[in-house]
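Subject: Structure handover

Hello,

Please find the structure below. My notes on what was found follow it.

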Protein chains: 2
Amino acid sequence: MIGISKYNIKLRDVAKLADVSVGTVSRYINKHPSVSKKNAAKIQNAIEQLGYIPNLMARNLAKGVSNNLLLYILQEKPILESTWLYELPIIQSIYEYIRPTNYSLQLAMDYLEDKLEIGRFINEYVNSKRVDGMIILSTFEIDDATILTLMKSELPFILLGNQTNILAANQILFDNYHAINEVMDYLYQLGHRRIALINGFAHQQHMIQRASAYCDSLKRLGLDTCDEWVKNANHTVDGGCKCMNEILDLKKQPTAVVCGNDDMAIGAMKAIKDRGFSIPGDYSITGFDDSILSRIAEPDLTTVKIPLEALANTAIEKLIESMNHPDMTIPKKVLACTMVVRSSTGRPKPEYEL
Amino acid sequence: MIGISKYNIKLRDVAKLADVSVGTVSRYINKHPSVSKKNAAKIQNAIEQLGYIPNLMARNLAKGVSNNLLLYILQEKPILESTWLYELPIIQSIYEYIRPTNYSLQLAMDYLEDKLEIGRFINEYVNSKRVDGMIILSTFEIDDATILTLMKSELPFILLGNQTNILAANQILFDNYHAINEVMDYLYQLGHRRIALINGFAHQQHMIQRASAYCDSLKRLGLDTCDEWVKNANHTVDGGCKCMNEILDLKKQPTAVVCGNDDMAIGAMKAIKDRGFSIPGDYSITGFDDSILSRIAEPDLTTVKIPLEALANTAIEKLIESMNHPDMTIPKKVLACTMVVRSSTGRPKPEYEL
DNA sequence: CTGTTAGCGCCTTCAA
DNA sequence: TTGAAGGCGCTAACAG
């Protein structure tokens, strides 16, 4: 604000030039039907001549809106590359959707450990009127208190890929459970009867769902459970490698290993290859995410594709809808994943088959 | 704004409760020194009691600022995964820097092809006062007209990883040229005399710089130039694979291949392995980006690390600095990259050595 | 269909 | 150190 080098054109300048009142100009700009053609033309003329662009802050203050949407991302620290790969398509899809609207996209990130900070942040945003709606992207459970703050406020919000039990609505999710069921069925049909699991963080929502699908599938298919075949790694290649090595040290070997994400699957494959075994000859491996890693792996990886774009589009669409209809509730929605079969899975060796 | 279910506390409510004027409350909130201790305590009390949080839009309108920073990303369409991997660390670093400040981060993206849209967008942002500063992230050249609009406006801005010739300042860059020089020197020292290049888009700024470093290095080191050894791919694994296959079909073979990014390097490695050759035994390969791909490749890939965090930090730091000192110019800055030596490079076979 | 005017909630100058 | 009051630029009732 120091140095008023460039005078900013205001509504009243346009009104003066067009020789009408500010009210008429305002109505014209807001597409109010009651502006005569004659005046509309004069105003449009003046606007173009002056290069007038409305001051958003003034407009928003008067209207009581902010025209801002917030994407609030909660993530682990340090942030994993697999998380990036998950987030960016979502960010992009959301922006793509917003672009033709009048909304701006605001981005904020916090670390899951900082529960206090998250609560403070939400509270601040709920009260300072700086956004009209909020999408929360998190793969870990969010504090009930935070959700409650949100619910009590009138701010429309959506949990994206994040589940909460204290709320029946406002969640757009994808179906980890059925995805892993499908993977297990597929392995079973190939002839596998000994299936291990290298999963991710034990407290991460998606991983919890995947683990429970794995366990339920074993029962459903009448397969042996073996505690030593269930591992938790840290979502990285190295972590997957380490876990697979532990499994390879066991006396009783599985014939297939289901992994919680592609990174860990790559690590598992590495461990297997390092010991001179082959994939899928000796071990079948599956991942999750259908990331670029799964495509460049050798052999390329059977995995599960998450409908990230559809998730993002659904979320933002519903959010805007509920902003326009404040009384509307956003029903919970669960989108399906798709299994992508590639070369890392095959029939087990004959001696292992039933 | 429909349904005033929850009354929003305002400055005047605090003033009433604290039994002072709104002016005094405002001064207290803005940390103006001239507020008596007694009143300060009363006000603080009232604020806490009411849970008052200032309305940002009103404050900003009064102050003539927006408290918003814009990160404007221009990218190719469709967006490549290698671009994602490049952008997200930057986004994160920028947000990390902004978090403790009062600024909010706004995000916008456009496709490079839409030149008109980009110009319109910039113009809109420059005039609607919705942001106080802007970082433009693009790997492709930006229209002079767009830059000029920005220069003429009083809006502080920075080009991040993007060079323009019509401006001597406002650019935070990284040194592609020296990085490739270093790679070439390294290969030369290993004994390589026949070095090919699989580069990316011929019109992308970084790739242009890498190509020119490659050519200059050949001269500098007194090596043969061979047109057939210089290829342009589309930044993907498949593209790199295709180009490498073309090279492998040639009569005269290089002993090393420098690639414009890790993806293409992985593709090249794939082509080589598919023909039964070994890496680095028969061919040495280098990439660029130090992405996760380079670490999971087999063998893992010699590559170049771009200081993304430092770039982002420098950019946002300088931007905020120049927002506080409107007369300040942000000098151009070029950060160094680091070569990361791994196992995809080695001495060439004896028969090829000089 | 249009002009007038009172806000939107806060900041900041001016006098006291 | 404080209170009063006039903006910031735009919107939306209201009266005409």
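Two residues count as being in contact when heavy atoms lie within 4.5 Å. That cut-off matters for the first point, on how the copies meet. The model is a predicted one.

The two chains

Of the interface residues of chain A, 98% are interface residues in chain B as well, so the copies meet through the same surface. In general, a rotation about an axis and a shift along it relate two copies of a chain.

An open sheet of 12 strands contains strands from both chains, in the order E11(A)-E5(A)-E4(A)-E3(A)-E1(A)-E2(A)-E2(B)-E1(B)-E3(B)-E4(B)-E5(B)-E11(B), and its pairing is mixed. Its edge strands are E11 (333–335) of chain A and E11 (333–335) of chain B, each of which pairs on one side only. From one strand to the next, the twist averages 20 degrees. On the chain B side, strand E5 (residues 171–174) pairs with E11(B) over three bridges, in the parallel sense. Within E11(B), Lys333(B) stands opposite Ile172(B).

Gln106 in chain B

Gln106(B) is part of strand E2 (residues 104–111) of chain B. Is Gln106(B) buried or exposed? Its relative accessible area is 1%, so Gln106(B) is buried, the cut-off for that being under 20%. Gln106(B) touches residues of chain A, including Asn68(A), Leu105(A) and Gln106(A). Among the residues of chain B that it touches are Tyr125(B), Arg130(B) and Val131(B). Its side chain also makes a polar contact, at 3.2 Å, with the side chain of Ser104(A).

The four-stranded sheet in chain A

Chain A also has an open sheet of four strands with parallel pairing, in the order E7-E6-E8-E9. Strands E7 (230–232) and E9 (284–286) of chain A are at the edges, each pairing on one side only. Direction ignored, neighbouring strands of this sheet are turned by 15 degrees against each other on average. Strand E6 (residues 195–199) of chain A runs parallel to E7(A) and is joined to it by three bridges. Ile198(A) has Lys231(A) in E7(A) as its bridge partner.

Two helices of chain A go with this sheet. Helix H9 (residues 205–220) of chain A lies across E6 and E7 of chain A and runs at about 170 degrees to E6(A). Helix H11 (residues 262–274) of chain A packs on the sheet and touches E6, E8 (256–259) and E9 of chain A; its direction makes about 160 degrees with that of E9(A).

Helix H8 in chain A

Helix H8 (residues 176–190) of chain A has 15 residues, which at 1.5 Å a residue should span 21 Å; the end C-alpha atoms are 21 Å apart, which agrees. At the start of H8(A), a side-chain oxygen of Asp175(A) reaches to within 3.3 Å of the backbone nitrogen of Tyr177(A). The buried residues of H8(A) include Ala179(A), Ile180(A), Val183(A), Met184(A) and Leu187(A). Gly191(A) follows H8(A) and has a positive phi, near 115 degrees.

Regards

Terms used. Residues are numbered from 1 along each chain as its sequence is written. Chains are lettered from A and ligands numbered from 1 in the order in which they are written. This is a predicted model: local features need pLDDT of at least 70, side-chain atom pairs count only at pLDDT 80 or more; totals for chains, interfaces and linings use all residues. Side-chain values use heavy atoms; hydrogens and water are left out. Two strands pair if DSSP finds at least two bridges between them. Axes are lines fitted to C-alpha atoms, for helices over the stretch in contact, and angles run from 0 to 180 degrees between N-to-C directions. The expected span of a helix is 1.5 Å times one less than its number of residues. Buried means under 20% relative accessible area, exposed over 50%, partly exposed in between (1.4 Å probe, protein chains only). A polar contact is a pair of N or O atoms within 3.5 Å; within protein, one must be able to donate a hydrogen and the other to accept it, and residues adjacent in sequence count only if both atoms are side-chain atoms. Lists of a residue's contacts leave out its neighbours within four places in sequence.
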